[in-house]
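Hi,

I am passing a structure over to you, with some notes below on what turned up. Have a look at it first, then read on.

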Amino acid sequence: MRVAVLGAGTMGHGIAQVSAMAGHDVALRDVDDDIVQDGLDAIESNLAGGVERDKVTDDEMAATLARIEGTTDLATAAGDADLVVEAVPEDVELKQNVLGEAEGVAPADAVLASNTSSLPVTEIAAALERPGQFVGLHFFNPVHIMALVEVVVAEQTSDATREFASEYVEGIEKTAVEVQDSPGFASSRLGVALGVEAMRMVEEGVASPRDVDASMELGYNHPMGPIELGDVVGLDVRLDILEHLREELGERFRPPQILKRKVRAGKLGKKTGEGFYVWEDGEIVGVSE
């Protein structure tokens, strides 16, 4: 299978990596050469880390990298693709435009997919000429480690497209969870509900970020606490999801002021070096004041 991934950021290069590791030929496309190269470099770094931990062999790393090409040309990326996955920022109009352009150059039988974590896939599909061939594929960060992919079924998604998507997910050795299109799907809705309550607890002085996280990691066996997870995902992303869910589902998803203040201050979490925690070289080194 040939897979085109549109967007070479954190999620895009992760989707490209796992697709190539499963034996698919992959085109990783973004609008700028430097962004494409950053994505390719990140894939190589991830694979090198896997080699160091004896999770990936040298031969597997070489074969994976050989299956991935980077490009800024949409027709080159999607022109002969069986599957096109967009992984651009969370904006409905942007996703519609990117997918619409891809639909114009991709083969007539290609399946189009969005990696959106919360936007309505039915609305995205409405802008396409062949909406029955569109589906949501919600991967989780970091893509090469997380085992889950939500297959989000739009109102227009055909049974053949849904089955194709599930088979692709299983083929890249992930677990497919099928959900109907609804605000926040299953994972984002549940995840931000826990995360927003954790932020409110910190805001109210109930417990520190470290203690809130420890309570969920040790008491409920979560691999990462909700405050740390928010920093890893990006506090701006958390805020966008909460505002969308508040509009769709009501005040229980109202963003807390502490989150709004951090986003306004540019303290977005791991990617900026500070959120609820202070980060250096990808590791927590302290708690933000």
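Predicted model: local features only at pLDDT ≥ 70, side-chain atom pairs only at ≥ 80, totals over all residues.

Is Arg-2 buried or exposed? With a relative accessible area of 14%, Arg-2 is buried (buried means under 20% relative accessible area, exposed over 50%, partly exposed in between, with a 1.4 Å probe and protein chains only).

Residues are numbered from 1 along each chain as its sequence is written, and side-chain values use heavy atoms, leaving out hydrogens and water.

Back to Arg-2: Glu-69 forms a salt bridge with Arg-2, with the closest N and O atoms 2.2 Å apart (a salt bridge is a side-chain nitrogen of Lys or Arg within 4 Å of a carboxyl oxygen of Asp or Glu). Glu-69 lies in strand E3 and Arg-2 in strand E1, so the pair ties together parts that are 67 residues apart in sequence (strands are DSSP runs of at least two E residues, helices of at least four H or I, numbered from the N terminus). Glu-69 itself is partly exposed, at 33% relative accessibility.

The whole structure has twelve salt bridges. Among the residues involved, Asp-159, Arg-162, Glu-163 and Glu-178 are linked in a network.

Helix H2 is worth a look too. Its buried residues include Val-36, Ile-43 and Leu-47, while Asp-33, Asp-34, Asp-38 and Glu-52 are exposed on the other side of H2.

Enjoy exploring!
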